Each structure stands twice: as structure tokens, then as C-alpha cells.
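Here is a brief report on one protein chain. Please keep the sequence and the structure in view while reading.

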Amino acid sequence: MNTHSIAAALLAAILALMSARTGATVVVTFTDPDKYADMPYSVYDKERVMLNLREHFDRLGATLPAGQDLNVEILDIDLAGRMELNLRTPHDLRVLRGAADWPTITLRYALVYQGKTLKSGQERIADMAYLQGYNHYSSGEMLRYEKQMLDRWFRKTLVPPKAGI
């Protein structure tokens with residue numbers, strides 16, 4: 001085998017690995033986010049919230065079997081804590097008290113494989129005990145309580161049970 005054919009074979013193998021699909025294709029849409037129950041006031045902060053949620057669903061979808069597609073429509077968001085007036089910085093100040101300020105996300109979802117819907121529904125996901133127990137997301141992580149809540153929902157609702165369990 002000459003150098004040219006080895007290089008061609010190596011390139012073909014790399015391209016095949018790059019095109020191999022792992023996890024689900026995830027599509028997240030936000031329905032009328034200006035009417036959500038609780039979002040930051042600034043456009044920049046709203047966009048950061050939506051981007052963080054979209055990226056989080058992408059990470060969750062990567063754990064699903066190849067070939068599955070996950071479609072998520074976010075219908076409403078009520079973030080953990082409450083907004084309070086902050087005159088010292090231009091950014092919103094969110095205060096967490098653990099009272100009636102728990103995170104809630106209402107969404108519609110469909111898990112699809114080869115055009116067939118495996119599971120779908122509309123759910124209101126909430127975590128009333130969001131400040132209790134261990135949160136594996138760091139204190140500096142944006143939407144750490146919402147992400148943990150979505151992780152639990154995802155494992156309970158969309159991850160197929162292991163054989164023999």
C-alpha cells in the first residue's frame with residue numbers, strides 16, 4: 001500500500017467517524033417567550049436563558065440512542081427565585097428564598113424514531129424543594145436549579161429503562 005492510499009483510507013475513516021450520528025437530534029422552540037411567567041427583563045439576559053436551555057437539551061439529547069429525534073416546545077418558564085430591583089449593576093438580581101419561588105417549566109415534547117413517535121406529551125415540571133439536597137451543578141452555573149430539575153424529568157420520562165432493572 002502506498003502513502004497516497006493510506007492517507008485516503010485514513011481520511012475516509014475520519015469522515016465516516018465524523019458523520020456517525022450519536023445521540024438524538026434535538027430541536028427546541030420557545031413559544032411566545034415575552035409572555036413567560038418569569039424571565040429576565042433585559043433582552044440579553046432573556047437570550048442567555050434560552051440559549052442555556054437549548055444547549056442543556058442538546059446535552060441531554062446526546063445521551064439518547066442514535067437515530068432518535070427529540071422535539072421540545074417550551075410553553076412557559078418560571079425561573080427559580082424572584083427578581084428584585086438592583087440599582088448597583090445593570091444586570092438583573094435574582095433572589096432565592098426557597099418559599100413559593102421554585103422553578104417551573106411547562107413544555108410539550110415528542111421523542112421520534114424513524115418517523116414514529118415513541119413518546120410525547122405536555123408537562124409542567126416543577127421542583128418545590130429546589131434549595132434542599134445536593135445540586136451537582138456549581139453555584140456559578142446559570143440555571144443550575146432548572147437544569148437539575150430537567151435532568152430528573154429527562155431520566156424519568158425519556159431514558160429507556162435498563163434491561164433487568
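## Strand β1 and its crossover

Val-26, Val-28 and Phe-30 make up the covered face. Thr-25, Val-27 and Thr-29 make up the uncovered one. The model is predicted.

β1 pairs with β2 in the parallel sense, over six bridges. Within this pairing, Thr-25 stands opposite Asp-69 in β2. To get from β1 to β2, the chain passes through α2, and this β-α-β crossover is left-handed.

## The sheet

Strands of a sheet pair through backbone hydrogen bonds, either parallel or antiparallel. Here, four strands form an open sheet with mixed pairing. The order is β1-β2-β5-β6. β1 and β6 (116–126) are the edge strands, each pairing on one side only. On average, neighbouring strands are turned by 15° against each other, direction ignored.

β2 and β5 run antiparallel and are joined by 10 bridges. Leu-70 has Leu-111 in β5 as its bridge partner.

## Helices across the sheet

α2 lies across β1, β2 and β5. The helix runs at about 155° to β1. α3 lies across β2, β5 and β6. Its angle to β5 is about 40°.

## The nonpolar core

The largest nonpolar core has 28 residues. Which residues have the most contacts inside it? They are Phe-57, Ile-74 and Leu-107. At least two core residues come from each of β1 (25–30), α2 (43–61), β2 (68–78), β5 (104–113) and α3 (144–157). α2 gives the largest share, five residues.

Ile-74 deserves a separate look. Leaving aside neighbours within four places in sequence, Ile-74 is in contact with Val-28, Thr-29, Phe-30, Thr-31 and Tyr-36, and also with Phe-57, Ile-105, Thr-106 and Leu-107.

## The aromatic pair

The structure holds one aromatic pair. Tyr-109 and Trp-153 form it, in an edge-to-face arrangement. Their rings are 5.3 Å apart, centre to centre, with 80° between the planes. Tyr-109 belongs to strand β5 and Trp-153 to helix α3, so the pair ties together parts that are 44 residues apart in sequence.

Are these two residues buried or exposed? Tyr-109 is buried, and so is Trp-153.

Methods. Residues are numbered from 1 along each chain as its sequence is written. This is a predicted model: local features need pLDDT of at least 70, side-chain atom pairs count only at pLDDT 80 or more; totals for chains, interfaces and linings use all residues. Side-chain values use heavy atoms; hydrogens and water are left out. A nonpolar core is a set of buried Ala, Val, Leu, Ile, Met, Phe, Trp, Tyr and Cys residues joined through side-chain atoms within 4.5 Å. Buried means under 20% relative accessible area, exposed over 50%, partly exposed in between (1.4 Å probe, protein chains only). Contact means heavy atoms within 4.5 Å. Two strands pair if DSSP finds at least two bridges between them. Axes are lines fitted to C-alpha atoms, for helices over the stretch in contact, and angles run from 0 to 180 degrees between N-to-C directions. A crossover is right-handed if, with the strands pointing away from the viewer, the path from the first strand over the helix to the second runs clockwise. Rings of Phe, Tyr and Trp (its six-membered ring) pair if their centres lie within 6.5 Å; planes under 30 degrees apart count as stacked, over 60 as edge-to-face and the rest as tilted.
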